[in-house]
Amino acid sequence: MKKRVITTIIALSFNSHLLASNDAEAIFDAKCSACHLKQKPIDKSKVVAPAAMGVMRHLKQEFPDRDKAIAFIKDYVLAPSKDKAICMPQKIKRFGLMPSQKGNITKEELEKVAGWMFDNFPNKTGTKSGAGCKANMSKKPNIKKPFLIKNKNLPHFVGLIQKNWDNPEFALDEKQKKLLSIIKKDTLQGVKKLSLEIKPLEKKIAMMSVQKEPLEKMIPLVEKVASLKANATKMHLLCIKKTQEVLTDKQLKFLTNR
Ligand code: HEC
């Protein structure tokens, strides 16, 4: 009994300290982190909820708008439900529904925490790791090859050239290196950008299918994915074309014959 009184006192003083300090991260640490880890957990067997970065990655796909995301979090934390949850259904199956935090957190605190979560997750180092909403979250997304046409006769020059950059047999001169660096940068940036659009769309389609959404709703998204992938292939072809202009026939042969 005595022990409980002491912990209550500690908890109460901790809470008032939080209110005074305005520190959103401290609020998160005190009220959310018992379940939501900030980083990838070392011991996955002890995880009881999706990590903050996983939660936010999904949430931002659904609500890229900061205000809407914050509104969602504020509502969900006080009144979670299966219907509202957005990284359904794997997550709830795995962890169970989040218990309402009503009474544990004030609206003001929640506002701060929600904004802080939006601004800090997923962080750069955490985007590829972490126990996300889904059990298979840790799988690295394949952002490198979002192409419509994957044919072995269409070489990926950027990678091939990178491997042979200083190979005397390949013999790039300085001018070629300069031009190839520009082609590489343009291509990688362009393809990555498309890839970042394609991935969430693919996920969304899969999710809609699980949730038995009507086909008419999914098909336009499929067409969107197809056209983004076509754009990636156009970029790929352009990269090949430009590289062909920079390299000699002998160098091209060297690359494509290996
Ligand atoms: C007792 C454990 C627990 C605590 C404490 C907790 N959560 Fe959760 N939370 C969960 C679980 C489990 C899930 C996954 C199931 C679900 O979405 O309901 C979840 C899911 C979420 C989601 C995702 C909802 C969705 O649609 O997918 C958000 C956002 C969230 N929590 C925010 C918070 C915030 C902010 C706090 C602190 C104020 C917090 N949680 C405290 C257990 C907890």
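Student: Which residues in α2 meet which residues in α6?

Tutor: Good place to start, and keep in mind that this model is predicted. From α2, the residues A24, E25, I27 and F28 take part. Their partners in α6 are E109, K112, V113, G115, W116 and M117.

Student: What kinds of residues make up the contact of α2 with α6?

Tutor: Six are nonpolar, one is polar and three are charged.

Student: How do I read the way α2 and α6 pack?

Tutor: In general, two packed helices are described by the angle between their axes and the distance between the axes. Here, helix α2 (residues 24-31) and helix α6 (residues 107-120) pack at an angle of about 100°, and their axes are 8 Å apart. Angles of 65 to 115 degrees count as roughly perpendicular, so α2 and α6 are roughly perpendicular to each other.

Student: Let's turn to α3. How many of its residues are buried?

Tutor: A residue counts as buried if 20 or more other C-beta atoms lie within 10 Å of its own. In helix α3 (residues 52-62), eight of the eleven residues are buried, so the helix is mostly covered. The buried ones are A52, M53, G54, V55, M56, R57, H58 and L59.

Student: What covers the buried residues of α3?

Tutor: The cover includes α4 (66-78) and α6.

Student: And the ligand: which residues around it come nearest?

Tutor: Of the 27 residues around the ligand, C32, C35, A49, F95 and M98 come nearest. Helices α3, α4 and α5 (90-95) each supply at least two residues of the shell. By type, the shell divides into 22 nonpolar, three polar and two charged residues.

Conventions: Residues are numbered from 1 along each chain as its sequence is written. This is a predicted model: local features need pLDDT of at least 70, side-chain atom pairs count only at pLDDT 80 or more; totals for chains, interfaces and linings use all residues. Axes are lines fitted to C-alpha atoms, for helices over the stretch in contact, and angles run from 0 to 180 degrees between N-to-C directions. Helices (H or I, at least four residues) and strands (E, at least two) are DSSP runs, numbered from the N terminus. Angles under 35 degrees count as roughly parallel, over 145 as roughly antiparallel, 65 to 115 as roughly perpendicular and the rest as oblique. Two residues are in contact if their C-beta atoms, placed from the backbone, lie within 7 Å. Ala, Val, Leu, Ile, Met, Phe, Trp, Tyr, Cys and Pro count as nonpolar, Asp, Glu, Lys and Arg as charged, and the others, Gly among them, as polar. A residue is buried if 20 or more other C-beta atoms lie within 10 Å of its own, exposed if 12 or fewer, and partly exposed in between; C-beta atoms are placed from the backbone. A residue is near a molecule or strand if its C-beta atom, placed from the backbone, lies within 6 Å of it.
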